[in-house]
Amino acid sequence: MSAGKARSFAFSDEGDDPFALEHISEHHDCPPIESTYRNSGGNASCTSNKSGDQNDMRRIYVHDDDRVLIKVVHFGHPTSVGIEIDDKGETYVGCRARRAGPRAWIYFQPETVRAAIVTCGGLCPGLNDVIRQTVFSLEVYGVKEILGLQYGFRGFADKKYPPIMLSRKIVQRINMVGGSFLGVSRGCPPLDDIVDKLEWKISMFFVIGGNGSHAGASAIYEKCQARKLKMVVVGIPKTIDNDIQILDKTFGFDTAVEEAQRAINAAYIEASSAYNGVGIVKLMGRQSGYITMYATIASGQVDIVLIPEVPFLLDTQYGVLEYMKKRLEQFGICVVVIAEGAGQDLLEGVGGTDASGNPILGDVGKWFYGKVKAYFASIKFAVDVKYIDPTYMIRARACNSSDHIFCSILGQNAVHGAFAGYTNVTVGVVNTHYCFLPIPEVIRKPRMVDPNSNMYHRCVTSTGQPEFQIPTCTTEAAGGKSSSGGWSAAGGSKAVVAPHGPPERKKSLSLKLDMVASSKLDMVASSGDVKSCESSSSVNNSCKSSENNKSSDRSITSCQSDGQQMHDANCPMAQHNIAARSKCHDPMCPVTHKY
Ligand SMILES: Nc1ncnc2c1ncn2[C@@H]1O[C@H](COP(=O)(O)OP(=O)(O)O)[C@@H](O)[C@H]1O
Ligand SMILES: O=P(O)(O)OC[C@H]1O[C@](O)(COP(=O)(O)O)[C@@H](O)[C@@H]1O
């Protein structure tokens, strides 16, 4: 394997820095002028000189040399969770992005600017907040002409829906409701038609959308370059699926998780009150399971989570259905959350693509509901199944307070980026700091849940579910059912065993970045997995030691057959089943106390 490249660029935009930004002054004659951005009471024109230094105590500008580290963790080993080494063996360790915010020098005379804003793709909580703050900020700089394109990129071509003029007065209250004040759509007129319209002296173009919209924005930028149009294109990433890489998160995601969690809790209430109650909730997530994963953890009442990134078996002894039966036998309840893109390999897809080119998926929620009903009917096991699909309720709502704030900052920063002259860029939050990032790098691939990530491990630790796969090694040691009888341990196949050795305290643990990919080789070597798997066979002998694996057969069996009493609040018996609870006679048991 070739040595991996860790891309390190200390305060330099030279070479192949993946976070170097396009700047309008590289293509057009536009000398910088002093910023017209003033916040309340700011006396900016007196406080800066051309190098961007500020002379008094009031500081309102970001220096153009400010950078945000893309990775802030010092990874001690290339197999460490979260290091993210891509197909080419590259990482973002050492890479820096430009800090977002207002600059002391700008590249547009505000009174000559005509700005345009568009919202594309599906809805997402917070769209109106972003539109509103973009308009506010443009006005603060002194822009007089702000156009709102209606219904996404279609607004460039549809005569029935001409652009509308926006102002603070018009958008003042739009953040009180969900949806998009401008309307959204999928599909697109030919890009050349869009660029023809942009030739109407539009100098700043703000695209609020997801991966597809950003691909469109970047393509429009290229065409504008070819026509030598003096225009900047700035994106604001919108996707309820949170599937844009590098960013901490996208706006509306928090709100969506909150709303999704409410749906899960409703399913739990229904199921817990029914005889052998099964609650099934389908959540959005065409190719990435972020909402499903986060809402599962937030709710804490989910027994099984199924996401597109993790394949599962349905019918076999290792499959979801048999595990559901086991849960019902033991606890009388089973809550399943399934992402829209999960299990597509098992059901017949509708086929084809939507107007934007996204694949049209089969309805996994209804399919799964049907399978559950049929399975329990076939084994004559009485169940009461409730199915909830809150899909559009989740994304149609107005956003929560943290997203209101997030959207406001994104809208403002998009305008700062445009005035600073950056183009083909998007704005996002990385390690809690706001950055300008090149669109092509950000949309290089969609972000998906890594089944070997910390977060996914946390999620399945929370549900306690096994892998719904034929085990790849003897799982006795890891706490799952033995290979002769059923499920393997949860949490992502072989990653449950530590691939790196015990810490060597005397030596420096620091990792030279150029070691990264060569040591990746070690990670791939599987002998270590097997050895650790065998050698850890002493774990999990009692209920107490099974904290991380609370639903496994082994932990329950040990708890009962060893004659031990339950001291552990995490013991699966504590969860739902009254019969099981009554087996605990220990006065110190938190479960006994609780009930
Ligand atoms: N690769 C692409 N190049 C140009 N435009 C695109 C591309 N992908 C999508 N678009 C356009 O971007 C808009 C939004 O795309 P879509 O995939 O529906 O949503 P999202 O932006 O949320 O991913 C649509 O108008 C679509 O036609
Ligand atoms: O029914 P629609 O409008 O096509 O939207 C459904 C899709 O929208 C999504 O929420 C993502 O849409 P965006 O990428 O446009 O935000 C998917 O999870 C879902 O498949």
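I sorted the shell around ligand 1 by class and got four nonpolar, ten polar and two charged residues. The model I am reading is a predicted one.

**Ligand 1**

I listed the neighbours next. Ligand 1 has 16 residues around it. Arg186, Gly187, Gly210, Ser213 and Ser356 come nearest. Which helix gives the most to this shell? I found that helix 5, residues 211-226, does, with five residues.

Then I looked up polar contacts. The side chain of serine 213 has an N or O atom 2.4 Å from an oxygen atom of ligand 1. For lysine 238, I read 3.0 Å between a side-chain N or O atom and a ligand 1 oxygen. Asparagine 211 takes part through its backbone: a polar atom there is 3.5 Å from an oxygen atom of ligand 1. I also checked the cover. On its own, ligand 1 has 550 Å² of accessible area, and the protein covers 78% of it.

**Ligand 2**

I turned to the other ligand. I noted 13 residues surrounding ligand 2. The closest are Gly122, Asp241, Glu340, Tyr392 and Arg395. By class, I have three nonpolar, four polar and six charged residues in this shell.

Which space does ligand 2 take? My entry is the second largest pocket.

Aspartate 241 has a side-chain N or O atom 2.8 Å from a ligand 2 oxygen. With arginine 186, I read 3.1 Å from a side-chain N or O atom to an oxygen of ligand 2. The protein buries 82% of the 480 Å² that ligand 2 exposes when taken alone. Arg186 was already in my notes, among the residues that come nearest to ligand 1.

**Positive phi**

I then looked up two backbone angles. Tyrosine 151 has phi near 55°, a positive value in a residue other than glycine. I placed tyrosine 151 in the loop between strand 7 (145-148) and strand 8 (164-165). Is tyrosine 151 exposed or only partly exposed? Its relative accessibility is 35%, so I count tyrosine 151 as partly exposed.

Threonine 432 is also not glycine, and its phi is positive, near 70°. Threonine 432 sits in the loop between strand 16 (425-430) and strand 17 (433-438). I count threonine 432 as exposed because its relative accessibility is 59%.

Terms used. Residues numbered from 1 in each chain as written. Chains lettered and ligands numbered in written order. Predicted model: local features only at pLDDT ≥ 70, side-chain atom pairs only at ≥ 80, totals over all residues. Heavy atoms only, no water. Near = heavy atom within 4 Å. Polar contact = N/O pair within 3.5 Å; in protein donor to acceptor, adjacent residues only side chain to side chain. Areas by Shrake-Rupley, 256 points an atom, 1.4 Å probe, with all protein chains shown as cover. 1 Å grid on protein atoms, 1.4 Å probe; cavity = no way out; pocket = protein on both sides within 12 Å on 5 of 7 lines; lining within 4 Å. Sits in = over half its atoms within 2 Å of the grid points. Nonpolar A, V, L, I, M, F, W, Y, C, P; charged D, E, K, R; others polar. Helix = DSSP H or I, 4+ residues; strand = E, 2+ residues; numbered from the N terminus. Buried < 20%, exposed > 50% of the residue type's maximum accessible area, 1.4 Å probe, protein only.
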